[in-house]
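Me: I have a protein structure open and would like to learn how to read it. Could we go through it feature by feature?

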Amino acid sequence: QGNCIVIGASHAAAQLAPSLRQEGWEGRIIIIGDEPHAPYHRPPLSKTFLSGEKTLEQLLIRPLAAYDKIDAEFMLGRRVEKIDRAQKTVLLDNGETLDYEKLALCTGSRPRQIPLPGVDLKGVHYLRTVADIEGIRGDLDTSKGPAKVVIIGGGYIGLETAAALNKLGVEVTVLEMMDRILQRVTAPVISEFYHRVHSEAGVNIQTGIGVDAILGENQVHSVQCSNGETLDADVVIIGAGIVPNIELAEAAGLDIDNGIAVNAYAQTSDPDIVAAGDCSSYPHKLIGSRVRLESVPNATEQAKTAAASICGKQLDNHTHPWFWSDQYDIKLQIAGFNMGYDTVLVRGDESSRSFSVWYFKGDQLLAADCINQAKEFMQAKQLLAKGINPSPGHVRDTDFDLKSLLA
Ligand code: FAD
């Protein structure tokens, strides 16, 4: 067998390499990543890595020895510039050309850039990589009292960042353009819950407010808001969502559809090229439409499927999506995908720090957001997996054990 080249060295790649060996790939596995690090867990970046509780070594998805053991090779700090499908080669940023028998695109995504005046000032950061966190930490100025940070965007990453910085004693303001934080992804009850939790912790959350400009000389000093107010800031963090890294695939003529378009088996429109993780969109059997999911469990599961396809097997690996977010002492776990919901039911006391929110479309359970409710998260996952739809009465009644529906 020849080379299997993997482009991108993150969650999808870290699963793809061992899965390839398990599925019987005997050729070389070469993982090319433009960051200088072996694959590391990205979720802690806005959580325990930013707060300083975890080191880079503790972030590694697998120890380096695990890749040695399966004979997977890395080329780190290297970018693939071009794919030549006719020659079956990739061109690297140092001019080197490598040939492939099979190619896996694990190029992930990058922060959405917003065209604001002042975004290029020192102290303005996006949040995607270890380098971003190191930059943020380096720019926190504590010489004149607590550092001041303005976060643009009240999504999960912005809010996790706010919680981690709050722990470090930083004065944090979150500016959200929409009427409520987390508007794109949750029901109002969850938005209100997090708004309250952050306000109680001392984070200033302002909704319905955009940003006109980021101000400063070389270094940022303030943010000009759409309501005319100016907020002082040593650091500005922009969390305005992500865009998939599709350009390589697009230039190579592969089909694109809100991401690199793959089928249920992670195969692109070229039979020798697969794609997995944040960069790809695929027809999800359980969701019933084409989706591009932005989560670690998705990258991992899809990488297993992609590895099987490379080895000529079909692995039907579709599970319901799941996700989590850690802020303060609160673990949110999400089972399922709430797109298209028409009914929201609350189980438990929404004014406490432990309850769950259930999303339905008609009678069909779509998803549950579980706040410090690990047991209900597991139950929701199992109900979804078995296609069991609890009645509204059962969901609302905390004395009713949902487990009994699973028997
Ligand atoms: P990525 O992690 O995006 O990695 C792709 C890699 O490929 C990058 O290193 C990129 O630089 C590299 N690359 C791209 N193009 C090239 C090229 N041409 N040549 C070489 N290298 C290239 N998910 C959860 O499930 N739970 C969470 O709590 C959670 N929290 C998160 C918090 C933060 C701060 C962030 C940024 C993400 C979080 N996510 C979370 C999302 C999760 O990290 C992503 O879904 C996951 O990283 C996707 O993995 P991936 O391998 O598809 O791509």
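Reply: Start with a stretch of chain and ask what it is made of. This model is predicted. Over residues 322-406 the chain is 21% helix and 40% strand. The end C-alpha atoms of that stretch are 19 Å apart.

Me: What name does UniProt list for residues 322-406?

Reply: An unreviewed UniProt entry lists them as "domain: Reductase C-terminal". The entry also gives "domain: FAD/NAD(P)-binding" for residues 3-303. That span is 24% helix and 29% strand, and its end C-alpha atoms lie 17 Å apart.

Me: Now the ligand. Which residues come nearest to it?

Reply: Look at the shell of residues around the molecule. Here the shell has 36 residues, and Gly8, Ser10, Arg42, Gly108 and Gly277 come nearest. Sorted by class, the shell holds 17 nonpolar, twelve polar and seven charged residues.

Me: Which helices and strands each supply at least two residues of the shell?

Reply: Helix H1 (11-23) and helix H8 (296-310) do, and so do strand S2 (28-33) and strand S22 (322-327).

Me: How do I read a strand?

Reply: In a regular strand the side chains alternate between the two faces of the sheet. Now take strand S16, residues 235-238. Val235 and Ile237 point one way, Val236 and Ile238 the other, and all are buried.

Me: Which strands run parallel to S16?

Reply: Follow the bridges. Strand S9 (residues 124-126) is joined to S16 by three bridges, and the two run parallel. Tyr126 stands opposite Ile238 there. Strand S10 (residues 148-152) also runs parallel to S16, with four bridges. In that pairing, Ile152 has Ile238 as its bridge partner.

Me: Do strands S4 and S5 run parallel or antiparallel?

Reply: Antiparallel: four bridges join S4 (residues 80-84) to S5 (residues 89-92). Lys82 stands opposite Leu91.

Me: Last topic, the nonpolar core. Which residues touch the most other members of the largest one?

Reply: Val149, Val150 and Val236 do, in a core of 65 residues. Helix H5 (residues 156-167) gives the most to this core, with seven residues. A second, separate core has 49 residues, including Ile31, Leu103, Ala104 and Ala299.

Me: What is Val149 in contact with, leaving aside its neighbours within four places in sequence?

Reply: Val149 is then in contact with Leu165, Val170, Val172, Ala233, Asp234, Val235 and Ile237.

Definitions and conventions: Residues numbered from 1 in each chain as written. Predicted model: local features only at pLDDT ≥ 70, side-chain atom pairs only at ≥ 80, totals over all residues. UniProt positions renumbered as here; feature names shortened; annotations may be inferred. Near = placed C-beta within 6 Å. Nonpolar A, V, L, I, M, F, W, Y, C, P; charged D, E, K, R; others polar. Core = buried A, V, L, I, M, F, W, Y, C linked by C-beta atoms within 7 Å. Buried ≥ 20, exposed ≤ 12 C-beta atoms within 10 Å, placed from the backbone. Contact = placed C-beta atoms within 7 Å. Pairing = 2+ DSSP bridges.
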